Amino acid sequence: MPKNSKAVKRELDDDVTESVKDLLSNEDTCDDSFKKSSLIVNDVSEDKDKDKDVEEASDDAEEVRPAWNSKLQYILAQVGFSVGLGNVWRFPYLCQKNGGGAYLVPYFILLVLIGIPLFFLELAVGQRIRRGSIGVWNYISPRLGGIGFASCVVCFFVALYYNVIIGWSLFYFSQSFQQPLPWNECPLVKTRNTTYVVPECEKSSATTYYWYREALDISNNISESGGLNWKMTVCLLVAWTMVCLAMIKGIQSSGKIMYFSSLFPYVVLICFLVRALLLEGSVDGIRHMFTPKLEIMLEPKVWREAATQVFFALGLGFGGVIAFSSYNKRDNNCHLDAVLVSFINFFTSVLATLVVFAVLGFKANVMNAKCVAENTKKIEGFLGNGISRDLIPHHINFSSSVSAQDYTQMTEILRGVMEKDYSSLGLDTCSIEDELNKAVQGTGLAFIAFTEAMTHFPASPFWSVMFFLMLVNLGLGSMFGTIEGIITPIVDTFKVRKEFLTVGCCLLAFSFGLLFVQRSGNYFVAMFDDYSATLPLLIVVILENIAVAWVYGTDKFFEDLKDMLGFSPSRYYYYMWKYVTPVLLLTLLGTSIIQLGMTPPSYSAWIKEEAKEVSLSYPPWGLAVCVSLVVMAVLPVPVIFLLRYFNIMDDSAAGLSAVSYRKARIIKESVRREEDDDDDASLLNAKTPSQAPSPMPPNSIYRKQSGCPLPDVNTAPNGRYGIGYLMADMPDMPESDL
């Protein structure tokens, strides 16, 4: 549980006397609390070893910043945020689509070139500045403060539809306590004279019908609202209630839940893998996955999709990574964290892919066996009436089940003898490879393909409960980080009560989320998934990279890292941040824009009468919504830049108080203009610097200012509210960095 402590005030030694300029330009690098607005010089012992921090008894003491209870809790929070639903239903699809095992090569290369450096960068700035995304980028450059607001907007958009997916998983979870499972077979319609299968289900499949008709009750297109789906509305309310209760105390409450929500999915994945390996055909699926198609690996599209997946798999740009790391101790080894979490994410994706392909291999064998049985009945009907009994191998007995090998042998003989007449038999193509090549992703994998496979599992309700409980936990882990990416920056910037803000945010999101639980809601989920995050997040991360590497300066950032970590990171990161990663990100942004331009906006609609998906173009108002999502997400960046460029918004307007830090704790200081005169008077009682050593260690990167005018005590030396370490006035440091 995060530790709290009262704000402290430093008692200075009577002999420690420095000029006003020295006192205002330095902060103790041992992170002793430095309270500029109420600094008091008292008569104490001359021995500097007796300098100590005393608790402030004043009622004005502010609440300190919470911290993680343990390193494990923090790592689980970052893993829970980065490992999400995409690892289970997006990565396996890309692996299947882009060359099987060969896809792992470009993915791993881009993880090293893009993923780990950018993940390390976000962890480092969050831990160094110890604020949310808004405060971090305001600190680095006020004109780039819009980056933090853009991150919050994207987080809100993603949270709106992401929690709907958790609601879907909760619905399936609640329906899994039945034997047989409700999507096991098509429902029957009984009349006075006949009983028949529902036509929509007969034309598709039991699991497909259950998903589109029973769960979503989907309309034929996005323009047909159809009203609210009350079942999904209740599930969405439950999902937001869970998120609100878990986040209402910040990391104090969500941190404890991480132990379960982050670890439980691994237990389920391992159980599924062991169970699937014991099923017939699972090896076929795994073999299909690891059979490399090297020629596909050379296509640019494969590398673009691998880079996009790396980018989103780690949750870059959302602000959740920065928010979580801001609660760390200042000397935490964030470099180790970045490498560890990135590789955990990669191996989780590989583990999930093994599970998915093992299960799909079993499903492919089941579907192939059904196809063989149906075709065998057709061939048996043609015996003596178009097919001679002599053409059938003698060891094949139609009275018993025909194996896939015997069926293949029989059809090859018939095809060779009958030639053109073979097609008149009307036999379906039965192939395990063809079944495995049917690429499915997203909801199609989780709620259709996987659920169908589980109906063939022994004790299928148990596995269904485990699977959808895993999806709920994966979703909640990502939601915690997403909501933290909204709450933490706003609390840090506007000083509101976290409990009230969390409840208000969840209520507002639930209200907007009703759009997604209409009968046409699934189409809006697809729209937000395609357009609300992809381009905006790419732009946000590019600006983050430029802000740190070129505005703040890579050299100064390396000095900060050395001060935090106790060692200087590899120069590899220097060249990655300054040159390689920006170029790769700009290339990815360009190719993504070209891809969107070449592919007109469309969505897959379920047509009830035809019982199949059809690709439809968005109506004009739908195109306007798609464009608006992108524009609204990136709009804060140019707006804040222009407001501060033309001095319409003062650089210090974003801060409501000055803040100083002491390791894992934050001490907020109310800035009172009326106390300035008293503060200055108390500081002038100090003696000369020569009578006492400087509190700054000689090897510190925070040096005393010299020859600078007395700054306003309300602001940091650069003219905006300070949020931590008072930086020295270095000759090579641009004004925006100070």
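This briefing describes the disulfides, two further cysteines and a nonpolar surface patch of the structure shown above. The model is predicted. It holds two disulfides, one between Cys186 and Cys201 and one between Cys371 and Cys430. A disulfide is a covalent bond between the sulfur atoms of two cysteines. With bonded cysteines counted along the chain, the disulfides follow the pattern 1-2, 3-4.

**The disulfide of Cys186 and Cys201**

- The sulfur atoms of Cys186 and Cys201 are 1.8 Å apart, and the torsion about their S-S bond is about -80°, so this disulfide is left-handed.
- Cys186 is found in the loop between helix H7 (146–175) and strand E4 (188–190), while Cys201 belongs to helix H8 (residues 199–203); the bond therefore ties together parts that are 15 residues apart in sequence.
- Cys186 has a relative accessibility of 22% and counts as partly exposed, because buried means under 20% and exposed over 50%.
- Cys201, at 1% relative accessibility, counts as buried.

**The disulfide of Cys371 and Cys430**

- In the pair formed by Cys371 and Cys430, the distance between the sulfur atoms is 1.8 Å.
- The S-S torsion of Cys371 and Cys430 is about -80°, which means that this disulfide is left-handed.
- Helix H17 (residues 334–382) contains Cys371, and the loop between helix H18 (404–418) and helix H19 (432–436) contains Cys430, so the pair ties together parts that are 59 residues apart in sequence.
- Cys371 has a relative accessible area of 12% and is therefore buried.

**Further cysteines**

- Cys152 takes part in no disulfide.
- The cysteine sulfur nearest to that of Cys152 belongs to Cys155 and is 6.5 Å away, whereas a disulfide requires sulfur atoms within 2.5 Å.
- Cys152 counts as buried, since its relative accessibility is 9%.
- Cys271 is partly exposed, with 31% of relative accessible area.

**A nonpolar surface patch**

- Phe641, Leu642, Tyr645, Phe646 and Ile648 make a nonpolar surface patch of about 540 Å².
- Ile648, one of the residues of this patch, is located in the loop between helix H27 (636–645) and strand E8 (657–662).
- The relative accessible area of Ile648 is 64%, so Ile648 is exposed.

Terms used. Residues are numbered from 1 along each chain as its sequence is written. This is a predicted model: local features need pLDDT of at least 70, side-chain atom pairs count only at pLDDT 80 or more; totals for chains, interfaces and linings use all residues. Side-chain values use heavy atoms; hydrogens and water are left out. Helices (H or I, at least four residues) and strands (E, at least two) are DSSP runs, numbered from the N terminus. Buried means under 20% relative accessible area, exposed over 50%, partly exposed in between (1.4 Å probe, protein chains only). Patches are made of residues with over 30% relative accessible area and no salt bridge: like charges are joined within 9 Å, nonpolar side chains (Val, Leu, Ile, Met, Phe, Trp, Tyr) within 5 Å. Accessible areas come from the Shrake-Rupley method with a 1.4 Å probe; for residues, only the protein chains shown count as cover. A salt bridge is a side-chain nitrogen of Lys or Arg within 4 Å of a carboxyl oxygen of Asp or Glu.
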